[in-house]
Amino acid sequence: QVQLVESGGGLVQPGGSLRLSCVASTSIFSINRMGWYRQAPGKERELVADITSGGSTNYADSVKGRFTISRDNAKNTVYLQMNSLKPEDTAVYHCNAELRRFFLSQINDYWGQGTQVTVSS
């Protein structure tokens with residue numbers, strides 16, 4: 001069973017920075033798109049940023065210029081560098097990966113459990 005394990009969340013003051021990491025816990029044949037989503041209390045889950053296997057990135061308008069997504073394909077890991085954090089960035093951040101577990105297996109969608117990010121003074 002594939003598990004995506006996130007780390008790096010926490011409490012930070014407005015204007016501060018955090019770096020989230022997400023690693024697939026088992027060996028994977030290939031990973032296509034990887035992304036970060038967030039869900040604030042009372043709101044729907046929204047895409048923050050995603051990145052293809054080739055390195056093409058996509059960001060929500062609300063985080064452009066402040067967040068940077070990157071990945072290390074050799075380590076099956078995706079990162080989210082978050083700078084200039086705002087109180088409205090407070091949410092549970094979830095990692096997502098579209099991956100093929102074995103050669104010729106179908107592509108499936110996996111989610112991490114989430115890591116809390118709180119931006120408050």
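1. The side chains of R38 and E46 form a salt bridge, N to O at 2.7 Å. The term means a side-chain nitrogen of Lys or Arg within 4 Å of a carboxyl oxygen of Asp or Glu. By this rule the count comes to 6 salt bridges.

2. A word on the basis. This is a predicted model, where local features need pLDDT of at least 70, side-chain atom pairs count only at pLDDT 80 or more, and totals for chains, interfaces and linings use all residues. Residues are numbered from 1 along each chain as its sequence is written, and side-chain values use heavy atoms, with hydrogens and water left out.

3. R38 is buried, at 6% relative accessibility. E46 is partly exposed, with a relative accessible area of 36%. Buried means under 20% relative accessible area, exposed means over 50%, and partly exposed lies in between (1.4 Å probe, protein chains only).

4. Strands (E, at least two residues) are DSSP runs, numbered from the N terminus. D89 counts as buried, with 1% relative accessibility.

5. D89 also pairs with R66. This salt bridge runs N to O at 2.8 Å. R66 lies in the loop between β6 (57-59) and β7 (67-72), and D89 in the loop between β8 and β9, so the contact ties together parts that are 23 residues apart in sequence. R66 is buried as well, at 11% relative accessibility. Through shared partners, the salt bridges join R38, E46, R66 and D89 into one network.

6. Now the surface. F29, F103 and L104 make up a nonpolar patch, with about 390 Å² of accessible area together. Such a patch takes residues with over 30% relative accessible area and no salt bridge, joining nonpolar side chains (Val, Leu, Ile, Met, Phe, Trp, Tyr) within 5 Å and like charges within 9 Å. Areas come from the Shrake-Rupley method with a 1.4 Å probe; for residues, only the protein chains shown count as cover.

7. L104 sits in the loop between β9 and β10 (107-111). L104 is exposed, at 70% relative accessible area.

Notes
Helix = DSSP H or I, 4+ residues; strand = E, 2+ residues; numbered from the N terminus.
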